[in-house]
Amino acid sequence: MQTKEGVQAQPKNVSLVRMAILMGVVILVAAILYWIGLPGALNVPFLVSVGYAVLSNYAAVLAIGIAVAMAKENQGAAGLAAFLGYEVIIQGATAISKGIDAGDKSAFVLVAGLIAGVLAGTLYNRFYKTQLPAWLGFFGGRRFVPLVTAFASLFIALLLGHTWH
Amino acid sequence: MLGQLQRIGKALMLPIAVLPVAGLLLRLGQPDTLNIAFMAAAGNAVFNFLPILFAIGIAVGLAKENHGLAGLAGFISFEILSYGSQAINSHNDLSYLGAIVAGLLTGWMFNAFSRVKAKWLDVMGGGRGLAVVLIALVSVVLAIVFGYVWPFVQDAFNALGHWLGETGAIGAGFYGLFNRLLIPFGLHHVINTYIWFVYGNYHGVTGDLNRFFAGDPTAGGYMAGFFPIMMFGLPGAALAMILAAKPERRKAVAGVLGSAAFTAFLTGVTEPIEFSFMFLAPVLFVVHAILTGISMFVVYTLGIRDGFTFSAGLIDYILNRNHATHGWWLIPIGLAFGVIYFVVFYFSIKIFNIKTPGREDEGAETAGMGGFILDEYQSGHDEAAAASVVSTAPGSGSGAMAPGSPMAQKAFGFVQALGGAENILEVEACTTRLRLNLADMEKVNEAQLKQLGASGMMKLNQHSAQVVVGTIADMLVDEMKPFLQ
């Protein structure tokens, strides 16, 4: 593992910049599949669907990507927490205010994705070593992160639900 | 095969750890509790998106070093498979099964693809970044396969569900039996996942657990029977072990097993009690599994339905009381099971002279297996002991600089007890255990492991073993990693 070639070829951590480039590539690939599937091009509805699968979820991809890039050692628990927080924010806020547009192309999902990503990444680094009393031990360590993120997201949902127009 | 299944079982833990959040938010938010609509909506959201959390969590769980990019890939893969297979056949619903398959495929592909090394890949995160893109492309191809194959998979699992439904109480009983028998291997999550998240259908909601929380009055038959066992049965067994301990040690044992019993009653976390006799008296553990099966059978037959998002303890019992059918019956049934467990355990221990905690022979304090449960609880508090073991251990030679934190010292001790860094090919944490892949099993110093607080060791074959260390497993592995490089 600590051989020279390993150090050279495999960057230890995926930084925010590298993550942004990677997300760009993924979105681009999805967009290409979507475009060539359109009636004006090859007219393959299947390709439109798989492209749309990623494009319509771009904000969630953003949330997961940001959290993972921010988390120490790019740990996956942060990504899971980010997705959880993203959904809690959207569902919670739209339950408070029915007027919020949380469609695929809305500004709201983008904001929710950005907040959830930063929140999960920050909370991961803060709480991933939390030791709980023995009877709650199962929820200590990394598993504590999604729990904290979900409850923090609830407050964001409360805030956005009352202020977003 | 067993190893792979165990990896899957372990990978299921992360998404399962999220469930209690969903349950808490949903139940606290609903009108009969705090009546906060947006909280209930958020809880509902977690339930609705659980398949995605499974896809992410399983991919992460299987990925080397639990890398987050595997989670991103798992999410993308699952979305592509869902949309793509539905474009081919609109009746396809991947749901949990599809999410698990997506998670598994992603995890394996991620480990394979991420080995690729190339300078030009650095800008997008190296081989791991490439893996995300490749997994997305492979998923497009797989979506075609899924589109045509999934209807048959759905039919097969529906048939399995029908068959299970027809076995009724007997099926529930056997489920309870196997659920407990699989605990020592950590495989119970694999069958739990089918029963709780896939089995049955109520207005499009699948799984005994999901349907219960969606208001299906028939759901909960595969959970209700755990309440008598976890809230009363195992605490009864703990009481038996306390009273069977030597008088001079009874107080210490009561402190530890008493809090373990309280934990089981309150939260439904039973592993501390179960591990205290699992290795000492496997027969008693089998009896415990059979009694669990009987409880499931009886409770199902009586038409009692109750559920949980975490486990069958008081917290879930109170939280879900208004969803339950005949829920209060579980209390008298539980009390009966408490008495049965107490009698069975007390007399078995006395008659067969089982060395449960506090019954060890004199002078066998550190070597005797009865001390395990004590250690499991003290782990985290006995750093001094751990440190002394480290300093007296026949050092592995390499410049044994004193590591910083108590947990790091403990970790260093474990590395040494397991035969040093070069002997440990792979180490992973799973709830309360270290899963190990060792070069040479002979180099392991079991006595030293126990001194460090390990409760037991299971050797699966010549190279793989598990060491039970308690809930600190995750953090211990984190601290061990630096010593392994």
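Colleague: In β6(B), which residue is the bridge partner of B:Met457?

Modeller: B:Val467 is the partner of B:Met457 in that strand. Before we go on, this is a predicted model: local features need pLDDT of at least 70, side-chain atom pairs count only at pLDDT 80 or more, and totals for chains, interfaces and linings use all residues. Residues are numbered from 1 along each chain as its sequence is written, while chains are lettered from A and ligands numbered from 1 in the order in which they are written.

Colleague: OK, so how do β5(B) and β6(B) pair, parallel or antiparallel?

Modeller: Antiparallel: β5 (residues 456-459) of chain B meets β6(B) over 4 bridges. A pair needs at least two bridges found by DSSP, and strands (E, at least two residues) and helices (H or I, at least four) are DSSP runs numbered from the N terminus. Between β5(B) and β6(B) there's a hairpin of 4 residues.

Colleague: Which other strand is joined to β6 of chain B?

Modeller: β4 (residues 433-438) of chain B, running antiparallel to β6 (residues 464-468) with 5 bridges. There, B:Leu436 sits opposite B:Ala465.

Colleague: What's the mean pLDDT of chain B?

Modeller: It's 84, with 90% of the residues at 70 or more; pLDDT is the predictor's per-residue confidence, from 0 to 100. Residues 363-402 of chain B fall below 50, though that stretch has 76 contacts in the model beyond near neighbours in sequence. A contact here means C-beta atoms, placed from the backbone, within 7 Å.

Colleague: Switching to chain A, how is it divided?

Modeller: Into domain 1 (1-56) and domain 2 (57-165), with bounds from an automatic or database domain assignment. Their C-alpha centres lie 23 Å apart. The contact uses 12 residues from domain 1 and 10 residues from domain 2.

Colleague: Which helix supplies the largest share of the domain 1 side?

Modeller: α2(A), with 5 residues. That side of domain 1 has 9 nonpolar, 3 polar and no charged residues.

Terms used
Two residues are in contact if their C-beta atoms, placed from the backbone, lie within 7 Å. Ala, Val, Leu, Ile, Met, Phe, Trp, Tyr, Cys and Pro count as nonpolar, Asp, Glu, Lys and Arg as charged, and the others, Gly among them, as polar.
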